[in-house]
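Please examine the assembly shown here and work through its architecture by question and answer.

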Amino acid sequence: EAPAPYQITPELEAAAKAEGKVVFYTATDVAVAEKLAEHFKTKFPGIDVQVERAGSERVFQRIGQEYSTSIYNADVIETSDAVHFEYFKRQGWLEPMVPQEVADKWPADERDPDGNFAAYRAHLSVLAYRTDLMKEADAPKTWEDLLDPRFKDKMVKAHPGYSGTVMTSTFVLSQMLGWDYFEKLGKQNIMQVQSSTEPPKKLAQGERALEVDGNEYNVFRLIDEGKPIKIVYPDEGTPLAVGNAAVLKQAPHPNAAKLFYAFLFSLDAQQLNSDFGGLRSFHPDVKEKQGRTPLSKIKVLHSDPAKLEPEIQTIKANYEKFFGT
Amino acid sequence: MTSIAQVQGRRSSIDLSWPTFALLSLVLSVLVLLPLFWLAYYSLRSDTGGGATLDNFIALVADPTLLRAYGLAISMALAVGILACLIATPMAWLVARTDLPARRIIRMLVTASFVTPPFIGAIAYEILAAPNSGIVNIIYRSAFGLDPSQYLVNIYTFSGLVFAIACFTFPYVFTLVANALDKVPSDLEDASSILGGKSMTTLRKVTIPLVLPAMLAGTLIAILQALTMFGSPAILALPAGFHVITTKIWSLFQFPPRLGLAAAAALPLLIITVVLLRAQKSILGRKGYTVLGGKSGTPRITKLGSWKWVAVAFVFCILSLTILLPYLAILKTAFTGTVGDPINFDTLTLRHWKFVLFEFSATQLALRNTFLLGFLTATAVTAIALVVSYLVIRRSVPGARYLGVLATAPVAIPGIVLGVGLFLSYANPTFQLYGTIWILLIAFMTIELPAGYQQMSSAFAGVHPELEEAGRIMGASRLRTLWDITAPLLRTSVVAAWCFVFVGTIRELSATILLTTANTKLVSVIIYDLNESGDLGAICVLGIILLVASFAVVFVANRVPVLGGSQMNARG
Amino acid sequence: MAFLELDGLTKSYGSLTVVKGVNLSVDKGKLVCLLGPSGCGKTTTLRLVAGFVPANGGEIRVGGKTVSSAHSTVPPEARNMSMIFQSYALWPHMTVYENVAYGLKLRRMPQAQVTELVRTILSATQLLALAERYPGELSGGQQQRVSLARALVIKPEILLLDEPLSNLDANLREEMRFEIRRLHDEFRYTTVYVTHDQAEAMTTADIIVVMNDGRIEQSGSPEDIYERPATEFVARFIGGTNIFSGTRNDKDTVLCQAGLVLRCGNGTTDGSSKTAVSIRHHDIELSTKPNGANTNTTVGTVTRQIYLGSHRDYLVSIAGGEMVRTVAPVNVAIPVGQEVWLHFPPEKCRALAQ
Amino acid sequence: MAFLELDGLTKSYGSLTVVKGVNLSVDKGKLVCLLGPSGCGKTTTLRLVAGFVPANGGEIRVGGKTVSSAHSTVPPEARNMSMIFQSYALWPHMTVYENVAYGLKLRRMPQAQVTELVRTILSATQLLALAERYPGELSGGQQQRVSLARALVIKPEILLLDEPLSNLDANLREEMRFEIRRLHDEFRYTTVYVTHDQAEAMTTADIIVVMNDGRIEQSGSPEDIYERPATEFVARFIGGTNIFSGTRNDKDTVLCQAGLVLRCGNGTTDGSSKTAVSIRHHDIELSTKPNGANTNTTVGTVTRQIYLGSHRDYLVSIAGGEMVRTVAPVNVAIPVGQEVWLHFPPEKCRALAQ
Ligand SMILES: Nc1ncnc2c1ncn2[C@@H]1O[C@H](COP(=O)(O)OP(=O)(O)OP(=O)(O)O)[C@@H](O)[C@H]1O
Ligand SMILES: Nc1ncnc2c1ncn2[C@@H]1O[C@H](COP(=O)(O)OP(=O)(O)OP(=O)(O)O)[C@@H](O)[C@H]1O
Ligand SMILES: [Mg+2]
Ligand SMILES: [Mg+2]
């Protein structure tokens with residue numbers, strides 16, 4: 001049963017200031033995370049935010065290593081892989097707490113019924129292409145289109161072994177389209193990168209013309225910078241990755257953590273995530289930027305982390321079989 | 001009797017060699033044997049909980065992806081070794097034994113490419129030779145007006161990977177062969193000429209065979225480096241769609257981690273290393289390579305004549321590939337928006353510098369950690385190597401030989417294997433070292449010990465024991481002699497070894513990647529992290545900082561007068 | 001009582017015993033030479049005395065005090081000895097002055113006294129002008145002298161020298177031999193000198209100790225060793241001798257090959273019937289005419305004649321194929337191939353146990 | 001006509017001229033020794049002959065054909081010479097057999113013939129049993145023999161040796177001297193031998209060439225050089241001599257220090273008034289009684305007497321403080337401090353230009 005919701009009180013702020021610091025392990029793009037930290041610091045001066053950014057799996061691996069050796073560095077954690085939080089919860093590493101904003105505004109299935117974690121962000125794993133390297137007419141419309149020979153040598157893709165987002169999307173797509181789809185996709189000579197933040201950057205560099213998956217928010221940011229990139233939301237649906245956040249039970253700065261955790265779900269932070277980070281938010285008051293397709297207009301493919309977890313080994317094995325890594 | 005009084009008047013100091021020996025044996029055993037023990041232990045345990053099992057080893061032979069990773073790693077390593085040898089040998093000969101212009105500068109430049117961490121080199125080559133965005137390919141397409149699907153070179157291939165690694169491992173072969181060529185005395189060659197051997201015959205029959213051990217040793221180092229390298233394959237092999245064994249072991253650490261399999265997968269690397277080291281011995285066999293006899297002339301210099309320009313072109317080409325182009329690419333990327341941008345006033349920006357230096361919160365910590373660890377490791381390893389080689393070379397304690405074996409053993413432990421072993425040893429609750437910089441210090445000390453030991457012991461071999469005995473019979477104790485006589489004589493070697501270890505430490509990635517945490521970030525790891533998220537500009541900025549700082553440290557260490565102002569000689 | 005005593009001294013490396021129960025007494029102020037072929041254990045004996053290696057058995061006593069035994073070894077730095085090494089072992093990073101002063105500084109002697117003592121010894125060794133040079137800037141002979149000065153300046157009780165001249169060229173070697181002897185006579189340290197050069201030993205030693213295979217073969221004054229070698233090994237090793245093997249005929253005649261009969265004026269007169277006879281090259285009389293005697297004489301052919309300035313070196317092959325080396329004055333020039341008569345004066349023939 | 005001729009040979013390194021117009025003729029089959037102090041240009045001359053360094057002036061002719069001149073140099077591999085190096089220069093990665101066979105293989109000789117020739121030379125040098133060893137597994141003397149075998153097997157027209165024995169110990173050096181001479185006599189190559197050891201030169205050479213500072217000081221047979229040195233430098237360098245300086249009195253008497261008058265039986269009889277007189281140690285007559293003569297005689301005191309087995313070495317200080325070294329038979333044992341008379345036989349005193 002979830003604990004009672006809490007608000008940011010002056011006492012909490014004072015206690016947090018006394019601790020002086022909060023350590024945030026995050027899988028969000030480093031620039032966005034650093035921006036968020038800046039914002040927090042202006043809002044609550046005197047509290048330093050140490051941002052530790054790595055891919056979701058690195059964050060997970062690190063926390064696992066640290067906790068198994070009784071090292072307690074992190075206060076607040078966040079990854080884009082929902083499976084992780086099921087695991088943390090099972091291990092009893094999380095400190096249940098519910099910020100008022102979450103209790104009030106969040107849909108029920110986007111937060112843990114026991115209050116251990118809540119969906120801090122969500123993003124789609126999208127198809128996207130360089131408009132200068134590929135005509136709109138030639139661009140793929142569906143997942144099946146990607147098997148067309150004309151896309152051979154042109155695609156870049158992240159790896160489920162290193163990216164929770166891609167793990168999720170591989171899971172839903174394999175359920176929807178079957179593994180033989182990936183087998184065929186594997187023959188298209190795809191450039192393989194690790195994190196789901198990488199394919200958009202490869203597009204920006206012009207190294208490849210089309211990304212098979214990759215974070216929507218990275219693409220948004222590149223479009224904002226003026227890069228000639230366009231997103232495709234395939235007819236079959238676009239996989240959604242939900243990124244949870246939580247406070248650790250052994251947090252070295254418990255009050256700062258509590259404060260920071262509440263801040264993460266504030267409208268300010270969520271709006272910044274959306275505006276600057278291009279992330280999707282479950283906060284109903286967040287306004288999407290002009291020109292972005294609202295979530296409601298997109299067919300979204302949800303996945304169930306509980307079902308995904310036992311499949312991980314199979315997915316990795318199959319993936320390596322078809323893509324070589 | 002006055003003389004008796006004199007004898008008694010002297011300080012009679014305790015012989016510290018036994019306690020030192022015991023302490024060092026303990027330290028070295030912990031450094032080397034403990035990780036290996038845990039590696040073996042975990043490899044025999046099931047990942048899914050439960051007791052002893054051979055499943056991990058069965059998986060090792062049954063899992064085709066592991067076998068493929070091994071196959072590719074071995075062929076990559078061999079290819080790198082051969083390529084490095086083919087590039088380095090002629091170049092070493094040209095530099096050491098011909099009247100090629102600017103020979104000193106070329107040697108210095110090659111040393112510079114030795115200081116370049118291979119993963120920076122790999123990233124530089126991504127910038128240069130990625131099939132679409134690579135600068136070389138862009139220039140190629142625009143020069144010939146080709147369409148965007150055409151490219152000249154593709155670094156994301158097996159051969160691309162081999163090339164990128166060879167570019168930054170050939171200095172090992174080069175340095176060893178060039179030094180060996182320096183030492184072949186002219187009269188061995190003169191003896192061949194006077195018996196009727198033409199220049200080329202002499203080169204083929206006498207000179208080259210005499211530097212064969214150096215070639216083999218260098219090639220072997222290149223092979224081992226390639227086999228155990230993590231950074232470059234992680235950057236180049238994954239996009240190319242294959243694993244080598246190090247990246248495969250790395251992937252076994254991803255969620256859900258499979259430690260037992262990782263440990264089992266690491267062991268064959270160890271065995272391969274040992275086999276390679278043995279093979280080298282048996283190839284050399286009974287033949288002698290150390291030159292016998294008394295005073296012999298200086299190396300003789302071949303006049304290149306009209307071949308000079310061909311040689312210059314060859315050397316220039318190699319240096320462009322290994323130094324000029326990568327460094328230019330890194331500089332360009334550090335100062336322009338994105339890789340694809342052309343260079344002009346609009347695209348020039350200090351954005352990446354601003355980001356790295358002021359916005360990216362990990363930078364300062366990582367720089368501090370990196371240099372702190374570099375200093376600590378270099379100092380500790382040099383000190384241990386100094387004392388161990390003293391004990392071994394001077395045979396002052398029976399059994400000292402085994403210390404030498406222990407100090408050399410880590411050569412056979414690839415970085416990633418050591419990373420696994422150290423993680424398993426020290427991440428358990430007894431030590432609680434994980435998450436501190438001490439575990440990294442231990443890792444670096446273990447990795448760098450063989451190089452340091454090798455340098456110090458060859459330096460020791462050059463100090464005649466009678467110099468020390470003369471000190472002792474005059475009335476100085478063993479330690480006093482080491483301090484008054486031996487240490488000053490070894491000064492330049494000590495500095496060289498220190499620099500060598502320092503550079504080796506700050507470029508280390510393979511063990512580091514498994515052992516760093518938030519508070520113990522190193523520059524090499526944040527470069528790797530940034531690469532994961534594709535921030536090439538920031539990487540290049542960090543790369544430049546790392547390089548400049550390394551050069552500065554090496555330069556200063558060699559100029560400080562008390563340390564003896566000598567040139568740094570890479571692995572001798 | 002002798003000042004330096006080795007008593008049943010034994011040293012083994014693993015299963016190999018290289019010093020086998022050596023007994024030796026050296027009186028204070030004497031110079032003793034250890035002479036012997038390579039590998040006979042000279043250096044090992046010297047290093048035992050210096051304390052660089054521990055003994056496996058026996059004792060070393062200096063002035064009656066045990067410094068080495070199987071149980072304990074006084075370290076070299078506490079022995080108040082000095083040593084001069086074959087390689088000179090000068091410290092290349094110190095000047096001549098610093099090299100020489102090092103031992104004194106270790107003794108915490110006041111600066112002024114150090115300077116004075118060093119100056120004294122440097123002038124005794126004619127090195128004063130070179131005091132500020134580094135060893136690398138000196139010639140071989142000068143380096144050798146620095147090494148002598150360094151060893152002498154600390155006024156050691158015992159001075160040890162391990163083939164100190166073997167790195168010098170012939171002229172310099174001869175000069176330095178006399179120099180060492182002169183300095184010894186001046187300072188009168190008890191000295192142990194290792195060499196494998198007979199001439200060196202003869203020139204410098206009060207007592208020569210001939211070693212063979214870890215044992216002392218004979219010890220005595222240079223004249224003892226040269227003129228009265230006790231064994232064939234010593235006779236051969238000291239050089240300049242011919243050895244004939246034969247069987248004893250009666251008390252003092254030996255029957256050698258091809259009818260040569262040698263009456264021996266000295267040497268072992270008892271013992272087995274197999275006997276060796278030694279006679280020095282320069283004791284043989286060479287002439288182109290027979291001298292009519294029956295014993296101690298033979299005929300041969302000159303097979304090699306070498307002019308050596310002060311004398312000529314002859315190789316004569318005698319009946320039975322044996323070769324005899326002999327020297328003759330420069331004016332006795334006999335061409336190769338000519339027949340010559342050799343006379344072996346009985347008083348110069350020495351019978352040796354075999 | 002001489003087989004090997006050096007004609008005004010000159011070699012400079014930068015501004016330093018190290019060989020200064022050397023003229024030398026060597027007949028076929030002769031062994032000539034270049035003798036001289038370190039740095040006098042011996043090695044450079046030899047390397048000029050070998051063709052390793054080009055000449056700056058003059059010519060080298062072999063059998064009348066010019067092989068080196070200021071304008072052109074035939075490369076070493078085309079000269080059909082052999083060389084033995086001070087360091088032996090054996091190839092450590094080849095066995096003894098391979099080392100020796102190398103030169104023959106370069107001549108594309110059939111395998112069978114190579115094997116046979118190598119076997120022949122290896123047995124001549126007593127190396128047959130060691131054919132499969134590597135140089136690192138041989139002793140110094142054996143290495144030296146391999147280097148000899150390797151040089152001889154190709155039957156060179158000219159054999160060059162650069163201090164071939166200087167790395168060996170005294171006993172081995174003496175043995176190898178005779179060995180080299182023996183092999184020379186057997187194979188009769190024209191040989192140029194560089195050394196700075198007088199005894200070595202005396203033992204091996206047909207002709208000795210004494211060099212000093214890039215020039216030939218004197219050349220001639222060993223007897224010429226030893227008994228009739230042309231200059232003080234040669235007399236001193238060959239050794240075993242005393243040199244007195246003085247002024248010429250009349251045609252053949254020289255007035256030396258402290259009233260010593262020496263009549264010289266030979267040497268330079270003309271020239272400046274400052275003259276040196278040389279007399280060999282073993283030519284001086286030593287006695288404890290005055291012999292009554294006025295000239296060529298002096299009195300002195302024994303300051304050192306050393307027993308050397310075959311003779312005694314005396315150092316006598318004469319009036320004026322000069323030291324005279326002389327040798328006497330073993331039986332002439334005069335203690336240090338005693339007064340002695342020295343007689344310098346006029347026929348042994350040689351006046352030298354200074
Ligand atoms: N540290 C050692 N370990 C094993 N054997 C040794 C050691 N030192 C010397 N020996 C052996 O002991 C023997 C005697 O050696 P030592 O050096 O005393 O001979 P030496 O008489 O000085 O000879 P040389 O004239 O060649 O110097 C040799 O056979 C040598 O190989
Ligand atoms: N390559 C060179 N460059 C400059 N000077 C040289 C060179 N080779 C020799 N010399 C000089 O030439 C002089 C004669 O040298 P050389 O080697 O011929 O002497 P050497 O008579 O053989 O002496 P040693 O007995 O020491 O071998 C020396 O002063 C030497 O320093
Ligand atoms: Mg010895
Ligand atoms: Mg020379």
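This is a predicted model: local features need pLDDT of at least 70, side-chain atom pairs count only at pLDDT 80 or more; totals for chains, interfaces and linings use all residues.

Residues are numbered from 1 along each chain as its sequence is written, chains are lettered from A and ligands numbered from 1 in the order in which they are written, and side-chain values use heavy atoms, with hydrogens and water left out.

Q: What radius of gyration does chain A have, against the value for a compact globule?
A: The radius is taken over C-alpha atoms, and the globule rule is 2.2 Å times the number of residues to the power 0.38. For 325 residues a compact globule would come near 20 Å, so chain A agrees with the rule, having a radius of gyration of 20 Å.

Q: What percentage of the residues in chain A is buried?
A: Buried denotes under 20% relative accessible area, exposed over 50%, and partly exposed in between (1.4 Å probe, protein chains only). Of the 325 residues in chain A, the buried share is 63%.

Q: Which chain pair has the most contacts?
A: A contact requires heavy atoms within 4.5 Å. Chain A has no contact with chain C, their closest C-alpha atoms lying 50 Å apart, and chain A does not touch chain D, with nearest C-alpha atoms 47 Å apart. Among the four pairs of chains that touch, the most contacts belong to chains A and B.

Q: Which residues of chain A lose the most area to chain B?
A: Buried area is the accessible area (1.4 Å probe) that two parts lose on being put together, summed over both. Chains A and B bury about 4,300 Å² between them, 48% of it on carbon and sulfur atoms. On the chain A side, 15% of the buried area comes together from A:Arg58, A:Tyr162 and A:Gln205.

Q: Is A:Asp153 buried, partly exposed or exposed?
A: A:Asp153 is not a glycine, yet its phi is positive, about 70°. Helices (H or I, at least four residues) and strands (E, at least two) are DSSP runs, numbered from the N terminus; A:Asp153 lies in the loop between strand 8 (127–130) and strand 9 (155–157) of chain A. Because its relative accessibility is 42%, A:Asp153 counts as partly exposed.

Q: Where is D:Arg108 placed in chain D?
A: D:Arg108, a residue other than glycine, has a positive phi near 55°. At 74% relative accessibility, D:Arg108 counts as exposed. Its place is the loop between helix 2 (96–106) and helix 3 (111–124).
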